[in-house]
Amino acid sequence: MVDSPLTSGGGRSPASSTSSLMDNLLGLLRIRVQRGVNLAVRDVRSSDPYIVVHMGKQKLKTRVIKKDVNPEWNEDLTLSITDPNHPVKLTVYDHDTFSKDDKMGDAEIDIKPYVEALKINPKCLPSGTVLARVQPCRQNCLAEESCIRYSDGKVVQDLCLRLRNVECGEVEVELQWIDLPGSKGL
């Protein structure tokens, strides 16, 4: 079989690629990018920050917030999860009109503890129950303890991430799982 634009990728058709993705898809991870705290100044007195989230080949971006080192995004970005061993990478940039955007730090989110907590069946637990706690350490970017909790029928994790490779700044995000009909599941 000859590869064509319709069958790129080793001769597989788009339909078989889609079914292959669904066979390996565990579910969706919704990342609510809440806000940045004390982000670095990259322009004269402020910055125009935005965040790029990527995992594997997936790459998502928040909107730019003009002239604010304490931006409030409250934006949902959703990733397809096929392997929870891959970290979610988050990079903060300062948008520049006439030059390359400046990096304002980065962080990684290890989603393995969150995925493990999803395997607990919390349906009989009261809303607000803490399922697990993740402590800050040298192996993660947590600025403070992160709780994985059962809230209103969902398992959520709030994280305050200390940015690396920059003089200051933190980003607050919330993780939430979305099960998909037809996906492999956890």
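**Note on the core, sheet, hairpins and pocket**

1. Apart from residues up to four places away in sequence, Ile111 touches Leu29, Met55, Ile81, Pro84, His86, Val88 and Leu175; contact here means heavy atoms within 4.5 Å. This is a predicted model, in which local features need pLDDT of at least 70 and side-chain atom pairs count only at pLDDT 80 or more, while totals for chains, interfaces and linings use all residues. Residues are numbered from 1 along each chain as its sequence is written, and side-chain values use heavy atoms, with hydrogens and water left out.

2. Ile111 also belongs to the largest nonpolar core, which holds 41 residues. Such a core is a set of buried Ala, Val, Leu, Ile, Met, Phe, Trp, Tyr and Cys residues joined through side-chain atoms within 4.5 Å. The members that touch the most other members are Leu29, Ile31, Val88, Leu90, Ile111, Leu161 and Val173. In soluble globular proteins, nonpolar side chains tend to be buried together.

3. Ile81, one of the contacts of Ile111, is a residue of strand S4. Strands (E, at least two residues) and helices (H or I, at least four) are DSSP runs, numbered from the N terminus. Ile81 counts as buried because its relative accessibility is 0%; buried means under 20% relative accessible area, exposed over 50%, and partly exposed in between, with a 1.4 Å probe and protein chains only. With neighbours within four places in sequence left aside, Ile81 is in contact with Asn24, Leu25, Leu26, Gly27, Leu29, Met55, Ile111 and Trp177.

4. Four strands form an open sheet in the order S3-S2-S5-S6, and their pairing is antiparallel. Two strands pair if DSSP finds at least two bridges between them. Strand S3 (58–61) and strand S6 (102–109) are the edge strands, each of which pairs on one side only.

5. How many bridges join S2 to S5? There are 6, and the two strands run antiparallel. Val52 has Thr91 as its bridge partner in S5, and Thr91 is in turn the bridge partner of Asp106 in S6. Strand S5 (residues 88–94) is joined to S6 by 6 bridges, again in an antiparallel arrangement.

6. Strand S2 (residues 49–55) is mostly covered, with 6 of its 7 residues buried. Antiparallel S2 and S3 share 4 bridges, and Met55 stands opposite Gln58 in S3. The two strands form a hairpin with 2 residues between them, and Gly56 in the turn has a positive phi of about 60 degrees.

7. Positive phi values also occur in residues other than glycine. Lys67 has a phi near 45 degrees and sits in the loop between S3 and strand S4 (72–81). Lys67 counts as exposed because its relative accessibility is 69%.

8. Strand S7 (residues 129–134) and S8 run antiparallel and are joined by 5 bridges; in S8, Tyr150 is the bridge partner of Thr129. S8 is joined to S9 by 4 bridges, also antiparallel, with Arg149 opposite Val156 in S9. The hairpin of S8 and S9 has 2 residues between the strands, and Asp152 takes a positive phi near 50 degrees there. Asp152 counts as exposed, because its relative accessibility is 64%.

9. Ser127, in the loop between H2 and S7, has a relative accessible area of 47% and is therefore partly exposed. Setting aside neighbours within four places in sequence, Ser127 is in contact with Tyr150, Ser151 and Asp152. From Ser127 to Arg149 the C-alpha distance is 8.2 Å, and the two are 22 residues apart in sequence.

10. The largest pocket has a volume of about 290 Å³. On a 1 Å grid over the protein atoms alone, a pocket is an open set of points where a 1.4 Å probe fits, with protein on both sides within 12 Å along at least five of seven lines, and lining residues have an atom within 4 Å of a point. Points are joined across faces, edges and corners, and the volume is the space filled by probe spheres set on them. Of the 15 lining residues, Leu118, Lys123, Val155, Trp177 and Asp179 lie nearest the centre. Helix H2 (112–118), strand S9 (154–162) and strand S10 (170–178) are the elements that give two or more residues to this lining.
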